[in-house]
Amino acid sequence: MLLDGEAWQAKFRDFQQEAWRLETLPQYLMPQEAEELAAFMAGARIDPGTVSNEYTDRLARQVTEGRSQGRVHIVTRPLSDYLRFEFSQYYAPHALAGEQIRILDLTNRENPLRGIQDFWLFDRAEVVLMNYYADGRQISREVFEGDVAPFVEYQRIAVSESVPFEEYVKGLDA
C-alpha cells in the first residue's frame, strides 16, 4: 500500500512510542526545499535556536508526551552540499526540539547496512519503505507487508554504529 497525504501524516500523529528513520542518501531532492537550499548555497544561515514551525512544535510536543522520534543518517565525507544544508537548516533545530538524530559516517569504513534502503519504523511494529531514485527524488512511500524484525535489527545496528548529531558536527569544526 502506498502512503500519501493524510494517511502519511497519521503515522506521525498516531504512533505510540517511537518513530525512527534510516536515511542512506547524500541528498534528497524535495521541491519544497529548493528555494531554501538555494538561499543556503548563497550564504543564508539560520539560528537553530530561533526556529519554530509545525515540525519543531510537533517534536517538542512528542517529547512532553513521552514519545520519541529519531533517525540515523549514513554519510561519507566530504559532505554533499545538501547534507551541509540539511545539518544546518533542519538537523540543528530539530535536535534542539527533541529529535534524536545520529550520524553513521562511513568514511574509511565498511557499511554495516549495505543494501538497506531508507525506511521509517513506527513503534517497532510497522515499516514504511521510502523509495527514491538514485539522485534523491522521491518515488513513493510504501507500507512494508512482511516481518519487521529485520528492520528492528537494522535500527539496532544503525544506532550502535553511529554517534549523536551534536557530537558529529563538533568534530567537523575541528
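Helices (H or I, at least four residues) and strands (E, at least two) are DSSP runs, numbered from the N terminus. The structure is a predicted model, in which local features need pLDDT of at least 70 and side-chain atom pairs count only at pLDDT 80 or more, while totals for chains, interfaces and linings use all residues. Residues are numbered from 1 along each chain as its sequence is written, and side-chain values use heavy atoms, with hydrogens and water left out.

Two backbone features occur in loops. Arg77 and Pro78 are joined by a cis peptide bond, with omega at about 0°. Pro78 belongs to the loop between strand 2 and helix 4 (81-97). In the loop between strand 4 and strand 5, Asp123 has a phi near 55°, a positive value in a residue other than glycine. Arg124, found in that loop between strand 4 and strand 5, also is not a glycine and has a positive phi of about 50°. Asp123 is partly exposed because its relative accessibility is 25%, and Arg124 is partly exposed at 47%.

Charged side chains were examined next. Side chains of opposite charge can pair when their charged atoms come close. A salt bridge is defined as a side-chain nitrogen of Lys or Arg within 4 Å of a carboxyl oxygen of Asp or Glu. By this rule the count comes to 16 salt bridges. One of them joins Arg13 and Glu6, whose closest N and O atoms are 2.8 Å apart. Arg13 is partly exposed at 47% relative accessibility, and Glu6 is partly exposed at 46%.

Arg124 takes part in a salt bridge with Glu18 (3.3 Å, N to O). Glu18 lies in strand 1 and Arg124 in the loop between strand 4 and strand 5, so this pair ties together parts that are 106 residues apart in sequence. Glu18 counts as buried, with a relative accessibility of 17%.

A salt bridge also connects Asp118 and Arg21, with the closest N and O atoms 2.9 Å apart. Because Asp118 is located in the loop between strand 3 (100-105) and strand 4, and Arg21 in strand 1, the pair ties together parts that are 97 residues apart in sequence. Both residues are buried: Asp118 has a relative accessibility of 2%, and Arg21 has one of 7%. Arg21 and Asp118 belong to a network of salt bridges that also links Glu23, Arg71 and Glu99.

Arg58, in helix 3 (residues 54-64), is buried yet has no salt bridge. For charge assignment, Lys and Arg count as positive and Asp and Glu as negative, whereas His and the chain ends are not counted. The nearest side chain of opposite charge to Arg58 is Glu54, 6.2 Å away. The side chain of Arg58 instead has a polar contact of 2.9 Å with that of Gln69. A polar contact is a pair of N or O atoms within 3.5 Å; within protein, one must be able to donate a hydrogen and the other to accept it, and residues adjacent in sequence count only if both atoms are side-chain atoms. Contact in general means heavy atoms within 4.5 Å. Leaving aside neighbours within four places in sequence, Arg58 is in contact with Phe12 and Gln69.

Gln69 is located in strand 2 and counts as buried, at 2% relative accessibility. A polar contact of 2.7 Å joins the side chain of Gln69 to that of Tyr55. Not counting residues up to four places away in sequence, Gln69 touches several residues, among them Phe12, Ala19, Leu59, Glu99 and Trp120.

Helix 5 (residues 149-161) contains 13 residues. From first C-alpha to last, helix 5 reaches 18 Å, close to the 18 Å expected at 1.5 Å a residue; the expected span is 1.5 Å times one less than the number of residues. Phe151, Gln155, Ile157 and Ala158 of helix 5 are buried. These residues are on the same side of helix 5 because they cover an arc of only 165° around the axis, the arc being that of the directions from the helix axis to the C-beta atoms. The cover over the buried residues of helix 5 includes strand 1 (18-23), strand 2 (68-75), strand 4 (119-122) and strand 5 (126-132).

Technical notes. Buried < 20%, exposed > 50% of the residue type's maximum accessible area, 1.4 Å probe, protein only.
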